[in-house]
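Here is a short report on aromatic rings and charged side chains. Keep the structure in view while reading.

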Amino acid sequence: MFIDRSSSESDGVSSEKVLIHSKALTQLKVQSKKHNIKSNFIVNRKEGLNSLYKIGGFLWLLFCHHYPSLRFGNTYRLIKDAMRIFKQRLYGLSNYPECLDYSSLINNRYMKDKHWIYATYISTITSLPLLYKVCDDQRTLMAILAKTSFASNVKLLDNLNDEIHDASQALESLKNWLSAHIRGEYDHNQKILDIVTRAENSAFKMGTWVFNVVSSCKLGASQMYETYVKDAIKLVDGQINSIKHKEDKKGRLPSLRDYIIKISEKSIGDLWIDIDLCFFKNELKILDNRQERAIEYLKFGNSLIFKSCLFYDDVQDIYEDLSTKSINSSIILAIEKGIISYNDLKEISAKDMIKKLKENGILMNIVRLADLFFITGIEAIYNMGDSLDEFLDKKGLIHSYRLLRMFLIRKIINMNRDYESLKLFLSSLGDLEKIKMAIPDDIIELKRYIMQ
């Protein structure tokens with residue numbers, strides 16, 4: 001074994017203390033196994049990047065122009081700069097023999113072009129409302145690139161863990177992922193550099209890019225940096241809970257309550273905003289009690305909004321999750337409502353199962369549960385008050401979250417292609433109170449778990 005030390009050591013937080021303290025890493029002491037290498041697919045480099053998507057993204061930027069943080073010219077320029085730089089970094093993976101080069105990541109379907117392109121776009125429109133006044137363009141660009149690296153490496157590792165790894169391999173990869181993000185280093189075995197191991201190392205290398213950027217704020221925003229470390233550990237705990245349930249030999253599933261409270265912690269939302277807030281607090285240095293409280297509301301609201309993504313994704317990924325036996329809230333809700341049984345999961349085909357879920361309104365209920373997370377998160381941000389208004393563009397940020405919801409619901413339109421799905425998609429642009437009013441009472445009752 002040898003250690004990648006491409007980035008500086010973390011000296012603000014005791015690595016040993018973090019690693020020993022973390023329940024996550026205690027569970028990650030597993031024996032490595034040989035990877036099952038997946039055969040290649042036919043690659044469509046333009047998937048999800050057609051003219052319609054490009055026009056839609058361009059129109060959205062024009063639509064956002066009246067928000068001070070999202071002026072078209074500056075936003076468009078930062079997106080283009082971030083895409084250019086990040087693409088160079090991806091191709092630079094070929095300089096590291098332990099990593100899989102970018103073309104091979106694409107050709108083997110471990111990653112898609114659209115993943116990092118979407119991540120860059122969403123990173124930019126969510127960073128600018130927080131940083132446009134307190135950071136210059138160069139520092140803002142650093143935050144955008146860190147978030148793009150973070151989202152891209154999470155997606156890459158998720159693909160490997162879902163499609164190729166068994167439980168022990170997935171847990172071992174999470175150990176390395178965590179180390180890359182909080183220490184800037186990762187272990188890899190020089191003797192077992194098969195294609196999957198090298199793909200993993202590419203994800204970890206991207207994780208060190210995140211560490212390099214966030215650790216630059218360590219001295220000026222030490223408490224926020226500590227929060228970043230804790231949230232990275234929490235994310236891994238959520239991933240572990242998901243993997244443990246997936247590998248349950250008796251076929252048991254978590255309750256919807258456990259899914260909401262524990263498994264949803266695998267969401268990327270906390271680290272996503274932590275990156276921005278490290279820069280935000282590094283520039284402002286000292287905030288008063290009201291402002292610190294406002295940041296707590298902001299973090300909580302952002303966390304719920306990104307957790308909503310998990311539930312929107314559960315609806316659009318239902319077929320894939322049934323095929324890979326991954327945890328999906330739609331299945332859990334259907335079982336708890338008595339619509340299906342555990343045996344049905346073995347006996348009914350994925351196609352027939354999805355038909356049954358649709359006919360009994362389960363998939364729409366999960367969309368409404370996602371909406372409950374989303375609306376509760378938006379309300380928390382409104383409850384921030386005005387103590388930070390001189391520094392950030394709250395309305396611009398909420399508008400960017402509207403786009404995030406539309407972006408996630410777009411695949412539901414492809415699944416159904418009906419008027420109701422289109423109305424659901426367009427509701428992100430309208431009165432958010434109408435989204436709240438459409439949530440049924442039995443879903444509203446789940447809010448007590450969301451607030452825990």
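The model is predicted: local features need pLDDT of at least 70, side-chain atom pairs count only at pLDDT 80 or more, and totals for chains, interfaces and linings use all residues. Residues are numbered from 1 along each chain as its sequence is written, and side-chain values use heavy atoms, leaving out hydrogens and water.

Phe86 and Trp209 form one of them: their ring centres are 6.0 Å apart and their planes at 85 degrees, so the pair is edge-to-face. Phe86 lies in helix H4 and Trp209 in helix H9, so the pair ties together parts 123 residues apart in sequence. Helices are DSSP runs (H or I, at least four residues), numbered from the N terminus. Trp209 is buried too, at 13%.

## A second ring pair

Phe280 and Phe391 have ring centres 6.4 Å apart and planes at 85 degrees, so this pair is edge-to-face. Phe280 sits in helix H12, Phe391 in the loop between helix H18 and H19. Phe280 is buried at 1%. Phe391 is buried at 17%.

## Charges over rings

Lys205 lies over the face of Tyr96, 3.9 Å from the ring centre. Arg410 lies over the face of Phe407, at 3.9 Å. The criterion is NZ of Lys or CZ of Arg within 6 Å of the ring centre and within 35 degrees of the ring normal.

Technical notes
Phe/Tyr/Trp six-rings, centres within 6.5 Å; stacked < 30°, edge-to-face > 60°. Helix = DSSP H or I, 4+ residues; strand = E, 2+ residues; numbered from the N terminus. Buried < 20%, exposed > 50% of the residue type's maximum accessible area, 1.4 Å probe, protein only.
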